[in-house]
Amino acid sequence: MEEKIQKLIKFIEESEHIVFFGGAGVSTESGIPDFRSKDGLYNQHDVQFESFSPEYLLSTDCLHRHPKVFFEFYRQKMNVKGIQPNVTHRVLAELEAKGKLSAVITQNIDGLHQKAGSKRVLELHGTTLKNYCERCRQPYPSDYIFESKEDVPHCEKCEGMIRPDVTLYGENLPEDAFQQAFQEIHRADTLIIAGTSLKVQPAAGLIYEFTGKHLVVMNREPLDISLNGEEDLVFECSMGEVFKKLEDEICL
């Protein structure tokens, strides 16, 4: 581990445009469950939701065909109020402040990167911290859906349905965030891929735009990615363990 940490520090020191591409595993150490691990949402079985797959429960079909089910699941599983950033979020924010990290590209919707202080965060799947009316686009506060007494929250102006600003299954990724992510990865000299299964498309396909020098992979499970010997690095351990070492070693 120590040898790998020193190698990672060397990569960071010689890089000018590091990009971090992260998935659900980045936030699990803050207490937010991921999707595909043995304890993730795909493997949780609540009686009231057992007729539906987690993918369906977070889909545009569910939102419009079974809105009461959608909002009950969303309120139970997606509320991040009180959740704090972990060491990974904090170190990334510091690397950005020091001019090393160009962007965080995240598949997460919890807003923890911004809460830790990161400024350049590209949210490929939107965020639970924003809501809006589907009909008139009126924005609503981050906690509106969670605090609403209505089974299905409705707009105070036009009575349209209020929904989270989250990219649901069956919807396209936000074009602006996707294009910016494409550009950031394409110009990166180091790409860190962390806490993601790389199974959710089209987001996962972005990594193939990387043509820089160093590819760093941090994931508990092996990923099917081509690596280039001494120029690349793989950690198959706790992400928090790696970033805590970075925090200590480079005095962030």
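1. Before anything else, a term: two strands pair if DSSP finds at least two bridges between them. Helices (H or I, at least four residues) and strands (E, at least two) are themselves DSSP runs, numbered from the N terminus. With that in hand, strand 4 and strand 6 run antiparallel and are joined by five bridges.

2. A word on what you're looking at. This is a predicted model, in which local features need pLDDT of at least 70 and side-chain atom pairs count only at pLDDT 80 or more, while totals for chains, interfaces and linings use all residues. Residues are numbered from 1 along each chain as its sequence is written, and side-chain values use heavy atoms, with hydrogens and water left out.

3. Back to strand 4 and its partners. They belong to an open sheet of three strands in the order 5-4-6, with antiparallel pairing. Strand 5 (139-140) and strand 6 are the edge strands, each with a single partner strand, so one side of each has no neighbour in the sheet. Strand 4 and strand 5 pair over two bridges.

4. How enclosed is strand 6? Four of its five residues are buried, so strand 6 is largely enclosed by the rest of the structure. For the record, buried means under 20% relative accessible area, exposed over 50%, and partly exposed in between (1.4 Å probe, protein chains only).

5. Now have a look at strand 1 (residues 18-22), where five of the five residues are buried. Both faces are covered, with Ile18, Phe20 and Gly22 on one side and Val19 and Phe21 on the other. Strand 1 runs parallel to strand 2 (residues 101-106), with five bridges between them, and Phe20 stands opposite Val104 of strand 2. Strand 7 (residues 190-194) is also parallel to strand 1 and joined to it by five bridges; there, Phe21 stands opposite Ile193.

6. On to the rings. Rings of Phe, Tyr and Trp (its six-membered ring) pair if their centres lie within 6.5 Å; planes under 30 degrees apart count as stacked, over 60 as edge-to-face and the rest as tilted. By this rule there are six aromatic pairs. One of them is Phe52 with Tyr56: the centres are 5.5 Å apart and the planes at 10 degrees, so the pair is stacked. Phe52 counts as partly exposed, at 24% relative accessibility.

7. Tyr74 and Phe146 make a stacked pair too, because their ring centres are 5.3 Å apart and their planes at 10 degrees. Tyr74 lies in helix 4 (residues 67-77) and Phe146 in helix 7 (residues 144-147), so the pair ties together parts that are 72 residues apart in sequence. Both Tyr74 and Phe146 are buried.

8. Which residues lie nearest the centre of the second largest pocket? They are Glu123, Gly126, Asp165, Pro174 and Ala177, out of 18 lining residues. Elements giving two or more residues to this lining are strand 3 (121-123), strand 4 (126-133), strand 6 (162-166) and helix 8 (175-187). Strand 4 gives the most, with four residues. (A pocket, on a 1 Å grid over the protein atoms alone, is an open set of points where a 1.4 Å probe fits, with protein on both sides within 12 Å along at least five of seven lines; lining residues have an atom within 4 Å of a point.)

9. Two loop residues are worth a click. Most residues other than glycine have a negative phi. Arg137, in the loop between strand 4 and strand 5, has a positive phi of about 70 degrees although it is not a glycine. Arg137 is exposed, with a relative accessible area of 55%. Glu159 also has a positive phi of about 70 degrees without being a glycine; Glu159 is in the loop between helix 7 and strand 6, and at 52% relative accessibility it counts as exposed.
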